[in-house]
Amino acid sequence: MTKTNFNIPLSGDRSMPIEGFDTSLHLKHAADQAKARGFDRFPIIDVDSHHYETESFSEILEYLEDPVLQQLAKTASASRHGAFGMLPGNIGYQDMGGRVARYPLRQLEKTGPEAHRDITLTKRWMDALAVDIAILFPTPMLNLGLHPQIEIEVALSRAYNRWLTEKILPNDPRLRSMLYLPFNDPQATYEMAKEFAGKPGVLGYMVTATRNRAVHNDAYMKTYAFLEEAGLPLGFHASYNWNDQTMAMMNKFLSVHALGFAISNMVHLTNWVINALPVRFPKLKVIWIESGLAWIPFLMQRLDHEYYMRKSEVPSLTKPPSDYMREMFYTSQPMERPNDIRELEQTFRMINAPTQLMYSSDYPHWDFDVPSVIYDLPFLSEEEKRAILGGNAARVFNIDIKEKLAKSI
Amino acid sequence: MTEVFVAKTGEMASGDRRIVSHEGVEVGVFCWEDKYYAYSNICLHQGGPACEGLLMHQVEDVLRPDRSFKQQKFSETEINFVCPWHGYEYDLKTGRVVADPARRLKSFPIIIREGNVHVDIN
């Protein structure tokens, strides 16, 4: 049920009473930017955005097929709060003490009966950002790969995927997803990939990167072979895990967030390349999601440096790791903005950004990027901007989009 | 000079703000401890509504004499307004970016006349 007011605690014994929230008003300046820049002239595809699936958790639980687990989950949710007890907890302060106000105020936003609340809220920000098609990912479930009970990752992800493909995606063609794969169970991963391929709105599959499973394990080869054959991209979505031993040495959210997202994808990408998976599955499209961009030149240089000395360890590689990395795909957010723009330009050059980079907003999360962060870059041509904002994604995901679907401009 | 009416004097309490606009220029006008401050409502980061977020005192570290960390506290004098999109903080009294004081929001003159507060959006 939507709340009607919220009192944000402030500094100095003050507080700020808020009686409503409207995403369209919150993002009015993004809509102004879209109009000023003429975003109505070309499609924009957002390859990494989010919803809060736990707001629909009672609906998702209806899709749990294990009756005992379903009863446990329903009771835990009803007697405590939301998904509490079912999802691995994650310490964090994304809202910065309420400074990023849409976190606490989201609960105040009103929606009508015409569509599922999830769809209505998603399309509001899409229209403001002039995003035509958005690939939606979950939020709290990004840490489901850390659940110690593997059978719960399998059961909950399957319930989520069913809910998403039966109640959300079929009801609006602008909403798409790369479905969650329960990677801690390789056989279930394979079966999930096969079962949901071809469902409405399913553009590929996503593995959450915060987990302790090596991507080169032989048990995953049949899944990779299936995805390659089916032409379905595989994305690795980064996150952070403050309970990880390395992360646990850091005491600030800033530190854990800055390093955690990059490290989780660096580990998997290193395993992916060094174990010659690009050689074994040359047509499988692999996407590295939500780690920013600065880590890629670093990793290219580190791996190449060792490759030339230790070639005997990687006989299947026929070229340096960076060459394989330049054939992979990356999402843009959170795009670092160095004071010296030449550093960013160098990163774009090193990753072949005009063909390999895909815009992502990460909305509604705290460090989201509006499309103008790409469009306003001085070193890109108009053609390159449009490719990164939509054209590359249309090619990678085989999306046939010719007309503008966003409404606000 | 284009004077835009903001409020009657005494109408805004300390901590209140108004967003006014003229020909597409949005300005946030703050009242804080009997003074008025006016800045562009376009965040220098990604263009968010910089003046529409929370007012928060500056966070400060408190160290012990041996330089070990004791705690954090809110400043008693330094107050910031925070862009609600991403949390960029601006010094309320100068409009400078707290994390990069070399950059600042455009400020606008306040004119108080005949019991009214105006901002000069030029």
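Q: How do I read a helix pair, and what is the angle where H8(A) and H9(A) cross?
A: Two packed helices are described by the angle between their axes and the distance between the axes. In this predicted model, helix H8 (residues 186–196) and helix H9 (residues 221–230) of chain A have axes that come within 8 Å and cross at roughly 15 degrees. Axes are lines fitted to C-alpha atoms, for helices over the stretch in contact, and angles run from 0 to 180 degrees between N-to-C directions. Helices (H or I, at least four residues) and strands (E, at least two) are DSSP runs, numbered from the N terminus.

Q: Which residues of H8(A) and H9(A) make the contact?
A: H8(A) gives Thr189(A), Tyr190(A), Ala193(A) and Lys194(A). H9(A) gives Lys222(A), Thr223(A), Phe226(A) and Leu227(A). Two residues are in contact if their C-beta atoms, placed from the backbone, lie within 7 Å.

Q: What are H8(A) and H9(A) to each other in orientation?
A: H8(A) and H9(A) are therefore roughly parallel. Angles under 35 degrees count as roughly parallel, over 145 as roughly antiparallel, 65 to 115 as roughly perpendicular and the rest as oblique.

Q: How are the residues counted and what are the limits of the model?
A: Residues are numbered from 1 along each chain as its sequence is written, and chains are lettered from A and ligands numbered from 1 in the order in which they are written.
A: Val286(A) and Trp288(A) point one way from E8(A), residues 286–289. Ile287(A) and Ile289(A) point the other way. All are buried. A residue is buried if 20 or more other C-beta atoms lie within 10 Å of its own, exposed if 12 or fewer, and partly exposed in between; C-beta atoms are placed from the backbone.

Q: How many bridges join strand E7 of chain A to E8(A)?
A: Two strands pair if DSSP finds at least two bridges between them. Four bridges join E7(A), residues 234–237, to E8(A), and the two run parallel. Leu234(A) stands opposite Val286(A). E8(A) also pairs in the parallel sense with strand E9 (residues 329–331) of chain A, over two bridges. There Trp288(A) faces Tyr330(A).

Q: What does chain A look like as a whole?
A: Chain A has 17 helices and ten strands. Its radius of gyration, taken over C-alpha atoms, is 21 Å, close to the 22 Å of the globule rule for 409 residues, so chain A is as compact as a globular protein of that length. The rule is 2.2 Å times the number of residues to the power 0.38. In chain A, 45% of the residues count as buried.

Q: How many helices and strands does chain B have?
A: Chain B has zero helices and eleven strands. Of its 122 residues, 39% count as buried. Its C-alpha trace spans about 55 × 30 × 20 Å along the principal axes.

Q: What is the strand order in the open sheet of three strands in chain B?
A: The order is E2-E3-E4 (chain B), with antiparallel pairing. Strands E2 (17–22) and E4 (35–40) of chain B are the edges, each pairing on one side only. The twist averages 25 degrees from one strand to the next. E2(B) and E3(B), residues 25–32, share six bridges. Arg17(B) has Phe30(B) as its bridge partner.

Q: How many residues does each chain bring to the contact?
A: Chain B brings 16 residues and chain A brings 19 residues. On the side of chain B, strands E5 (55–63) and E6 (69–82) each give two or more.

Methods. This is a predicted model: local features need pLDDT of at least 70, side-chain atom pairs count only at pLDDT 80 or more; totals for chains, interfaces and linings use all residues.
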